[in-house]
Each structure stands twice: as structure tokens, then as C-alpha cells.
Amino acid sequence: MPATIKLDATKSAHIEKAADLLLAGHLVAVPTETVYGLAADASNEQAVIKVFEAKQRPVGHPLIVHVASVDRVRLWVDHIPETAMQLIKEFWPGPLTLLLPKKSGISDFITGGNPGVAVRMPAHPATLATMEELGRDLVAPSANPYGRISPTTAEHVLAGLSGKIEAVLDGGDCSVGIESTIIDLTGDTPVIARPGQIAQRDIEACLGITLAPGRIASQAVPGSVKRHYQPVTPTVGVATDRFAGLLPDFTPAGEKLGVIWWQSPPGERASESIMLSADPNEYARMLYTAMHSMDKANVDRIVIELPPRESRWLAIHDRLKRACSEQFT
Ligand code: TXA
Ligand code: MG
């Protein structure tokens, strides 16, 4: 394949080009408000299969279908339940994926053979415009090699997938920075299958119900495997109250330490350091960019100062648990 081309999401000719490439069955990474997605025409099974090859993702890991309008959801499900309609009205376009009972005839490459299909309407104008131009829906997993950190800039996409995909549509930095919340609506009661910026309490307030606490349906979401979102550099997480005490243990003579922190400045122990935020949304927006740049900084180990154990940090703890080979709490 020729070198991956970079398209500019602010230019309508480039959006048309992205749509043309997708129509021809090629892969194009597209910006969303959460992370960049590796998009393929959802109605073209050969194109969908290329997504697994480019990411080296095992087949059986299902893909989210991205739509540009609520009407298009009806192409993937027989019926949109009332709970889904309420959530759609409140949160779309936005970082909420709905897992709904699928229509028959959908490719098993998209659903992994599951009874549900995952759908979401992303909140990025360029990607919505691309889908409208294309007149079709897009499957789009995060645009990173399997198991690695999700990309939040076009540069991150190119660092992982250059030469393996036709193009990346550069739409700037992702504003949310972590993957969408997934809510499973295929059972008797809604279950949060992957936490994200839209939190359990937001969903409860919208639906006027209480969800069972902490029921993470990891079985139904194969992408929730424990090792995921990992830097190549060995990475550990350390709670704030153990941080100062443990840092010396992580810097044997001659080794370089990269520290990602939010409250406790690491001082001279760190060869590289990146400060994040005490606000969870701001922290999420910066986290993957910090992990990508630390991974490139030639350090021997990355230490991440863990945020507080509070519910508003749940989605971040979920991602950090996967990014770190070990956590000291
Ligand atoms: O924010 C996001 O959701 C991003 C952007 C690009 O939209 N996409 C994303 O896709 O994170 P991916 O493939 O990296 O993660 C999607 C998760 C996986 O864990 C997958 O197993 C689960 O959603 N999933 C997708 N379709 C499913 C289905 N039919 N049944 C169960 N789980 C499903
Ligand atoms: Mg992913």
C-alpha cells in the first residue's frame, strides 16, 4: 500500500476525498470527540475485514457502527426501545454507544456473532459530514494497533498505522480523550458495559432509574480484556499517598523514569514528567496524549500517579488499570 495520506478535516474537498476512499473499500482514520476511529464502509464486508488486518485485531472482537442520523439506526435494529430513544435524545451526537438487539443479516465481522449491535453517533462535524457525503454508515474501532493506546491526534494514528491505511482525516485533538461509554440495552435492565465520560449517574438521571452498581459486563465486550490501552514502555500506577515513598524504588541507577502526575510533582527523580489535571474531564482529554509522548521519550519505565478513588474518576481508573502492568494502591 502507498504511504498513508493526511487529509484536512476543515477542507470540504478533503472530506469528499475521504468519502470516496471509503466508498472504494479503503480504510480511513477519522476524528471523533472521543478518540480517532479506523473507519470502513459498514456495508462492505471486504472493507470491514481490512480493519481487523490493519489493527491486527482478532476477529470476534465486534465493531461499533457509527451513524450520522438516528434514522440510520433502523438499518441495524428492528426496533429502537424507548430507553434507547431517551438516551439518544439526551446524549447524541456524543460519547455514548448503545448496544441494541441486532437485525438479522448483519455481518458477524461487525457483531462478533453477538445478539447485539453497537451503534453511536459521534460528535465531530467532519466525520458526520463524511458519513453524509458517503450516504452509508461506518464501522470504526479506535485507530490503534490492537492492544495499544487509543489515538487522540492524527499524529498518534500515523505513528501506529502509517502504511497500513489509506488516509487519516486530521480533525485536531479529540475533546473527550477516552472511548465512549457503552450501555448494553439487550437485556432486561440497562448495564454499563464500558465506563466513559457519560457516567452512570448521567444515564440514571436521563432514564429516571437506578442501575445496578459496578456491574461491568466485560464478558459481553471482548475489547474489555485486561491488557489493553498499553504503552510499550513498562508502566505502573501508584496512589498519591505512596508516590513519594515509592519513586526511588522505580529508579535503579542508570534507569530513566517518566512520570505522569496530577498532584505530586516528582522532582529530580523523573527524567521526563507530564502534569495532568485534578479535573476528571480535563485529565481524560490529556491522558492518552501524555501516554503516547511518554512512550516515545526513551524512558525505561513510566509511573502514573493514580487519581482519587472516587466515582467521577471511574472511567479513568478503568483505562489506567489496563495501561498499567501493576498498581500500587
Ligand atoms: O469512543 C469510541 O467508542 C471509539 C470511537 C472511534 O468511536 N471506538 C472504540 O471502538 O472505542 P473499539 O472497537 O476500540 O471498542 C469498542 C468496544 C469493544 O470493546 C467491543 O468489544 C465492544 O465495543 N463492542 C462493539 N460491538 C459490540 C457488540 N455487538 N457486542 C458487544 N460488544 C461490542
Ligand atoms: Mg479500542
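Which helices each supply at least two residues of the lining of the second largest pocket?

**View 1. Ligand 1 and the residues around it.** In this predicted model, 27 residues surround ligand 1, and the closest are Thr 34, His 66, Gly 116, Ser 180 and Arg 194. Sorted by class, this shell holds 14 nonpolar, 9 polar and 4 charged residues.

**View 2. Polar atoms that face ligand 1.** A nitrogen atom of ligand 1 lies 2.8 Å from a polar backbone atom of Gly 116, while an oxygen atom of the ligand lies 3.0 Å from an N or O atom in the side chain of Ser 142. For Arg 194, an N or O atom of the side chain is 2.8 Å from an oxygen atom of ligand 1. Ligand 1 taken alone exposes 680 Å², and the protein buries 98% of that area. Strand S4 (64–66) and strand S6 (116–120) are the elements that give two or more residues to the shell, and S6 provides the largest share, with 4 residues.

**View 3. The second largest pocket.** This pocket has a volume of about 310 Å³, and of the 17 residues that line it, the closest to its centre are His 156, Ala 159, Gly 160, His 292 and Asp 295. Helix H6 (154–161) and helix H9 (280–295) each supply at least two residues of the lining, which by class has 6 nonpolar, 7 polar and 4 charged residues. Because domain 1 (5–207) and domain 2 (235–328) both give residues to the lining, the second largest pocket lies between these domains.

How values were computed. Residues numbered from 1 in each chain as written. Chains lettered and ligands numbered in written order. Predicted model: local features only at pLDDT ≥ 70, side-chain atom pairs only at ≥ 80, totals over all residues. Heavy atoms only, no water. Near = heavy atom within 4 Å. Polar contact = N/O pair within 3.5 Å; in protein donor to acceptor, adjacent residues only side chain to side chain. Areas by Shrake-Rupley, 256 points an atom, 1.4 Å probe, with all protein chains shown as cover. Nonpolar A, V, L, I, M, F, W, Y, C, P; charged D, E, K, R; others polar. 1 Å grid on protein atoms, 1.4 Å probe; cavity = no way out; pocket = protein on both sides within 12 Å on 5 of 7 lines; lining within 4 Å. Points joined across faces, edges and corners; volume = space filled by probe spheres on them. Domains from an automatic or database assignment.
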